[in-house]
Amino acid sequence: MRLQPIHIGNVTTENNVFLAPLAGYTNYPFRRLVKGYGAGLCYTEMVSAKGLKYGNENTESLLYTDNHEGLTAAQIFGNDPAIMRAACENPALAPFPIVDINMGCPVPKIYKNGEGSALLENPAHAEKIVRECVKSGKIITVKCRIGIDKAHIITAEFAKRMEGAGASLITVHGRTKDKVYAGEVDYKEIAAAKKAVQIPVIANGGVFCKADADKLLDETGADGVMIARAALFEPQVFCQITGAKTESKREMFEKQLAWTKEHFDERFTTVFMRKMAAFYVKGERGAAAYKERLFAAQTPEQVLEIACEIWN
Ligand SMILES: Cc1cc2nc3c(=O)[nH]c(=O)nc-3n(C[C@H](O)[C@H](O)[C@H](O)COP(=O)(O)O)c2cc1C
């Protein structure tokens, strides 16, 4: 794929290969790692606008960042335009010039609250949210799906309305809400969104290697790609696509564990790095036995010891 910077409002990314928001994963040390592997822009995991309003401690720790990672987008979810705007203005979001609004999450608890993918069913309300958030002075972007189900596909019209409301970029996950993360990515719908708007369109869904990224861009004409699950199995997929210098799994794991330990407590580091190692070990010989041992590890040092055995 052709690497190119993306202009989002008054900021510019280094390239057009983005790390998706991933709840439970795209914390600061993980984003820093992926940024080092060439990602043009990384997103925080989704953070509740209401959680920010009530000063939920967990919400603020999800937004931890420092100056090592450069330009980063924070993603928020919610339904109330005033609360969403207040979230954009919350000091916890001060380090993030870009605020992305989640309009794709299919999780029942979120959907039933009128948040995430439920906003696809109510474009007028989605517009209100974007308009209100833009007043915060942040650069507002939207991440959506192509529709709720096959009978309700709304990509191009929705993209146009979000642009009209003031969004500076739109990411389209080329699946309907009812498909969650399974099934084919609808290239035609992403292409329709791209044709409908002037703002940059980022295509998302099903990129697991460079060839997938090439195909997604060729078929959709989008300005860039966003990668989610592949980053969990193999963060170095960003090196493959961007040409950044890669490193071994062991070097990567040691680095990520050290950074995670610097920013989170021992219990979080143990549990999080066990989960990451279980992703990274997929497809390796003896993976099942290693996973069992990993999940019995009680300290970051024990997790590291097992990881070093796997990737010795
Ligand atoms: C574990 C997990 C967590 C996710 N969390 C978020 C999230 O916080 N915000 C969001 O917009 N999408 C979230 N997504 C969706 C992804 O960002 C992405 O749109 C989807 O996985 C399709 O991309 P992929 O085929 O590259 O995985 C999540 C997906 C997974 C698998």
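User: How is a pocket defined, and where does the ligand sit?

Analyst: On a 1 Å grid over the protein atoms alone, a pocket is an open set of points with protein on both sides within 12 Å along at least five of seven lines. A molecule sits in a pocket if more than half of its atoms lie within 2 Å of its grid points. In this structure, the ligand sits in the largest pocket. This is a predicted model, in which local features need pLDDT of at least 70 and side-chain atom pairs count only at pLDDT 80 or more, while totals for chains, interfaces and linings use all residues. Residues are numbered from 1 along each chain as its sequence is written, and side-chain values use heavy atoms, with hydrogens and water left out.

User: How many residues surround the ligand?

Analyst: A residue is near a molecule if one of its heavy atoms lies within 4 Å of it. Here 16 residues surround the ligand, and Ala23, Gln75, Asn204, Gly206 and Arg229 are the closest.

User: Which side chain has an N or O atom 2.8 Å from an oxygen atom of the ligand?

Analyst: A polar contact is a pair of N or O atoms within 3.5 Å. The side chain of Lys143 provides the atom at 2.8 Å. For Asn204, the distance from a side-chain N or O atom to a ligand oxygen is 2.6 Å. Arg229 likewise places a polar side-chain atom 2.6 Å from an oxygen of the ligand.

User: How much of the ligand does the protein bury?

Analyst: Accessible areas come from the Shrake-Rupley method with a 1.4 Å probe. The ligand taken alone exposes 620 Å², of which the protein buries 90%.

How values were computed
Polar contact = N/O pair within 3.5 Å; in protein donor to acceptor, adjacent residues only side chain to side chain. 1 Å grid on protein atoms, 1.4 Å probe; cavity = no way out; pocket = protein on both sides within 12 Å on 5 of 7 lines; lining within 4 Å.
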